[in-house]
Amino acid sequence: YSGCVGASGSTYYNDQYLILHNNSADTAYLDKLCLGFVFPLRASSKSFFVDYYTDRTVVANFLWQFPGDGSDYPIAPGSDVVVAPNCVNHIALGNTESVDLSKEGYWACYDVNANLTKQSPPATPDKKLLKLLWRNGTSTSCVCSIFDPAFVLFGIQGDELTYLKEYDTTNPSMPSSSTHYMGVPYSWIYDGVECFDATNRYKRLSGVVDGGYSLMTKGSAAGTSVRRKLNVEASTKMGFSVYQDTNNSSEDFEPCYPPSLKNLK
């Protein structure tokens, strides 16, 4: 997630991605799952939401949802799903240290009607697009931090319109502010990860979601990512990759140099 040195010699960060993995022996389904980038995008100062809203975390700028009616988009046991704001071949754009995110089956956080800027139209052959369920005001750029991002994957309980109305969240320290955020109840979250670039950062997710944080200290433009540690014993037993998941990213994650999709054929 740190970005890399791009063609211009400066930090290139349009190539961030997230991999979802089915860690179970059963077929899972993407249908209606939601992906949120947690606020604040940086963890260098304490969030004013953390102590005030103890039942929820808060999404920063966009909330994305997979389409489908329940069983349209299966994930086989041990299989991966790649999600990215910019599903294009970033290497072909001249960024030799980057990754190719244009492969078939990848999902793009992109909405052709949202007037998104600083983004490239999705180039996936089958054009798999997530649904833009909510955005903060007129936000036009779907980005996550290259220092300490945090993500949550969750399912809405009940209908979407009721959720969006009930969990519309304001800044408790600025009651007159016109800025609104979208809350995500902790009880709805299937998984989450919080990443730090240093140990003196501030938690944004409750311990019920992530009791720690994934630490990567190489800094921006380092061409790195983080990934869960492989559970060798469980993988041998199941016959596919099973990753460690104790709900504590300090124990579960490790830096990945180079990033996991680099040079993937």
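This is a predicted model: local features need pLDDT of at least 70, side-chain atom pairs count only at pLDDT 80 or more; totals for chains, interfaces and linings use all residues.
Good morning. A residue counts as buried when its relative accessible area is under 20%. Phe-66 has a relative accessible area of 1%, so this residue is buried.

Which residue forms an aromatic pair with Phe-66? The partner is Trp-107, and the pair is edge-to-face, with 5.1 Å from centre to centre and 80° between the planes. Trp-107 has a relative accessibility of 3%, so it too falls under the 20% limit and is buried. This pair links distant parts of the chain: Phe-66 belongs to the loop between strand 6 and strand 7, Trp-107 belongs to strand 9, and 41 residues separate them.

Let me turn to the nonpolar core. The largest one has 38 residues, and Leu-20, Leu-30, Trp-64, Phe-66 and Val-83 touch the most other members. Several strands supply at least two residues each, among them strand 3, strand 5 and strand 9. Strand 8 gives the most, with four residues. A second, separate core has 20 residues, including Val-59 and Trp-188. Val-83 is in contact with Phe-66 and Trp-107, and its other contacts include Leu-20 and Leu-35.

Strand 3 runs antiparallel to strand 8, and four bridges join the two. Within strand 8, Val-81 is the residue opposite Leu-20.

Elsewhere, strand 14 has five of its six residues buried. It pairs with strand 6 in the antiparallel sense over four bridges, and Pro-185 of strand 14 is the bridge partner of Arg-56. Strand 13 is also antiparallel to strand 14, through three bridges, one of which pairs Asp-168 with Met-182.

I close with the rings. The whole structure holds 16 aromatic pairs. Phe-39 and Phe-48 have their ring centres 5.9 Å apart and their planes at 45°, so this pair is tilted. Is Phe-48 buried or partly exposed? Its relative accessibility is 31%, so it counts as partly exposed. Both residues belong to a cluster linked by ring pairs, together with Phe-49, Tyr-52, Tyr-53 and Tyr-181.

Two charged side chains also sit over rings. The charged end of Arg-42 is 4.3 Å from the ring centre of Phe-147, and Lys-218 lies over the face of Tyr-257 at 5.0 Å from the ring centre. Thank you.

How values were computed:
Residues are numbered from 1 along each chain as its sequence is written. Side-chain values use heavy atoms; hydrogens and water are left out. Buried means under 20% relative accessible area, exposed over 50%, partly exposed in between (1.4 Å probe, protein chains only). Two strands pair if DSSP finds at least two bridges between them. A nonpolar core is a set of buried Ala, Val, Leu, Ile, Met, Phe, Trp, Tyr and Cys residues joined through side-chain atoms within 4.5 Å. Contact means heavy atoms within 4.5 Å. Rings of Phe, Tyr and Trp (its six-membered ring) pair if their centres lie within 6.5 Å; planes under 30 degrees apart count as stacked, over 60 as edge-to-face and the rest as tilted. A charge sits over a ring if NZ of Lys or CZ of Arg is within 6 Å of the ring centre and within 35 degrees of the ring normal. Lists of a residue's contacts leave out its neighbours within four places in sequence.
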